[in-house]
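Visitor: Could we go through this structure together? I would like to begin with the ligand and then turn to the side chains.

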Amino acid sequence: MLVLDIIYMDNAATTYPKPDSVYQAVDYFNRFLGANPGRGSNQQTLKAGSVLLEAREKLASLFNIGESSRIAFTLNITDALNIGLKGILRPGDHIITTSMEHNAVARPVFSLTKQGVEWTAVNCHPDGTLDPEDIGKAVKPNTKMICMLHASNLTGTIMPIAEVGKIAREHGIIFMIDTAQTAGVLPIDVEAHNIDILTFTGHKGLLGPQGTGGIYVRPGIDIKPLREGGTGSLSEYLEQPEVMPDLLESGTPNTPGIAGLLAGVQFIMDTGLDNIRKHEQKLMDMLITGLKEVPGIEMYGPLDVEKQTAVLAFNIEDMDCGDVALSLDYEYGIITRSGMHCAPLAHKTIGTLEKGACRLSPGYFTTEEEIEKVIKAIYEIAKR
Ligand SMILES: Cc1ncc(COP(=O)(O)O)c(C=O)c1O
C-alpha cells in the first residue's frame, strides 16, 4: 500500500491509512459510475443508487438493524447527532447525557437549553467510567431522551450502553448513542442494546472516507428533518417525503464517499470485528505497560484493555502537552493529538480542563514495532 512514512497515532480523530479497497471504491465510483443517485432512471443513476442501497444493507447488518431504509446518510456524526437532538427535543423536554460527551452532543444540547430544554449531564468517575444507576436516578417525568457516547474519545472508556438501554426502555425514553469511537471496533446491536437512534461517522473505525456518516431511527419515532429539499422521490409535492430515508436525506449525497464507506464496512466484515478488537487490545496493552516506565507520566482512563478502546491520554509532569505532541511529530514522525479534544466536559471529569492532554490512538494498521518506537520516543522526551 502506498502510504506516508509516518507513525500515525491519531486514529481516534480519523483512521489512516484506509484499506486499499476503500481508495479503489472511491476512485471507481468517480471514474465509472459518477451519476446522481435517485435523480432520474437512467442506468448510471440506478447503479449509483445501488451503491447507497448496498451500503445501507451492510451497515444494517453490522448494527443488527432490521429495516435498512431506516438509515439516512449524513455528512458525519455531528450532523447525525444534530438531527437526532434538534429533530426530536422540544421546549419542556428533559435530556440526560453523561459528563464525558464530545461537543458534538454537548453543544447542540447546550443550545437547546436556551430554547427551554432541560439537561442533566450525569457525572462519570475520573477514569471516565459511568455508573448506570446514576442514569436511572436522573430520570424525571419529562425525560424524553438519554443520549450518550459509546466510548470516550479522550480516555477510550467504554460506556455500559446495554445497561443504560435497558433503563431507557423500562421508562419509555428514547435512547440515542454516539458510536463515533466504537463503530467498526466493538459489537453494536440495536435490538440487544435497546438503541432507538444510532448515529455513526464513516471516517473513523468504519474505515471510510471523511464526509460520511449516518443516523438510524427506530420505526415509530417522531423526528423532524433539519434540512428539506430534493430527494429524487415524490418530486411533484412541496411537502418533504415522510418516508425514511428520504425524510432526513435531502440533497445530493456524498456517493463517492459512501462507496468508500461500503468498502470499509466490507473490510471490517471480512477481517472480523473480533480480530480488529484483539489487535488493538494487544497494541494498547503494550502501550500502557511500556508507558508506565516513563518518568513523570500521568495516564488517564481505565488503563485496562477490557474497559477501553484504543485511546490513551497522558501528560508528562508539567510539560505542555502541545510541546510533547510537537516533539513527537517533528523529531520522531509520530502523529498524535494534543489539547482539548473537543470535549471540555470530559476534560473536567478527568481533571485536565486546564492543561489538556496528549492522546495516542493506534488503529488496525498500527504495528507492534511502531508501538515500541512510540514508547521509546516518549521515554526520551520525558528524560530531557
Ligand atoms: C465521541 C465523538 N463524538 C462525535 C465526534 C464527531 O465526529 P465527526 O467530526 O465525524 O462528526 C467525535 C470525533 O472525534 C467523537 O470522538
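**Ligand, rings and loops**

Guide: A polar side-chain atom of threonine 201 is placed 2.7 Å from an oxygen atom of the ligand. Please keep in mind that this is a predicted model.

Visitor: How much of the ligand's accessible area does the protein cover?

Guide: The ligand has 400 Å² of accessible area on its own, and the protein covers 89% of that.

Visitor: What about glutamine 181 and the ligand?

Guide: Glutamine 181 has a polar side-chain atom 2.7 Å from an oxygen atom of the ligand. In threonine 78, an N or O atom of the side chain is 2.5 Å from a ligand oxygen atom.

Visitor: How many residues surround the ligand, and which are the closest?

Guide: The ligand is surrounded by 14 residues, and the closest are Thr78, Asp178, Thr201, His203 and Lys204.

Visitor: Let us change topic. What does the UniProt record say about domains?

Guide: The unreviewed UniProt entry carries the annotation "domain: Aminotransferase class V" for residues 7–374. Over residues 7–374, the chain is 37% helix and 15% strand, with the end C-alpha atoms 8 Å apart.

Visitor: Now the rings. How many aromatic pairs are there?

Guide: The count comes to six aromatic pairs. In one of them, phenylalanine 63 and phenylalanine 200 have ring centres 5.8 Å apart and planes at 40°, so the pair is tilted.

Visitor: Why does 40° count as tilted?

Guide: Planes under 30 degrees apart count as stacked and those over 60 as edge-to-face, with the rest tilted. An angle of 40° therefore makes this pair tilted.

Visitor: Where do the two partners sit in the chain?

Guide: Phenylalanine 63 is in the loop between helix 2 (43–62) and strand 2 (71–74), whereas phenylalanine 200 belongs to strand 7 (residues 197–201).

Visitor: Are they buried or exposed?

Guide: Both phenylalanine 63 and phenylalanine 200 are buried.

Visitor: And what is the geometry of tyrosine 364 and phenylalanine 365?

Guide: Tyrosine 364 and phenylalanine 365 form an edge-to-face pair, at 5.5 Å centre to centre and with 70° between the planes. Phe267, Tyr364 and Phe365 make up one aromatic cluster.

Visitor: On to the loops. Where is arginine 218, and what does its side chain contact?

Guide: Arginine 218 is located in the loop between strand 8 (213–217) and helix 7 (255–271). Its side chain and that of glutamate 191 are joined by a polar contact of 3.4 Å. Arginine 218 is buried because its relative accessible area is 14%, under the 20% limit.

Visitor: What about asparagine 194?

Guide: Asparagine 194 is in the loop between strand 6 (174–178) and strand 7. Its relative accessible area is 16%, so it counts as buried. A polar contact of 3.4 Å joins its side chain to that of arginine 169.

Visitor: Lastly, where does valine 305 lie?

Guide: Valine 305 lies in the loop between strand 9 (297–300) and strand 10 (312–316), and it is buried at 16% relative accessible area. Its C-alpha atom is separated by 9.3 Å from that of leucine 283, 22 residues apart along the chain.

Key:
Residues are numbered from 1 along each chain as its sequence is written. This is a predicted model: local features need pLDDT of at least 70, side-chain atom pairs count only at pLDDT 80 or more; totals for chains, interfaces and linings use all residues. Side-chain values use heavy atoms; hydrogens and water are left out. UniProt positions are given in the numbering used here, feature names are shortened, and annotations may be inferred rather than shown by experiment. Helices (H or I, at least four residues) and strands (E, at least two) are DSSP runs, numbered from the N terminus. A residue is near a molecule or strand if one of its heavy atoms lies within 4 Å of it. A polar contact is a pair of N or O atoms within 3.5 Å; within protein, one must be able to donate a hydrogen and the other to accept it, and residues adjacent in sequence count only if both atoms are side-chain atoms. Accessible areas come from the Shrake-Rupley method with a 1.4 Å probe; for residues, only the protein chains shown count as cover. Rings of Phe, Tyr and Trp (its six-membered ring) pair if their centres lie within 6.5 Å; planes under 30 degrees apart count as stacked, over 60 as edge-to-face and the rest as tilted. Buried means under 20% relative accessible area, exposed over 50%, partly exposed in between (1.4 Å probe, protein chains only).
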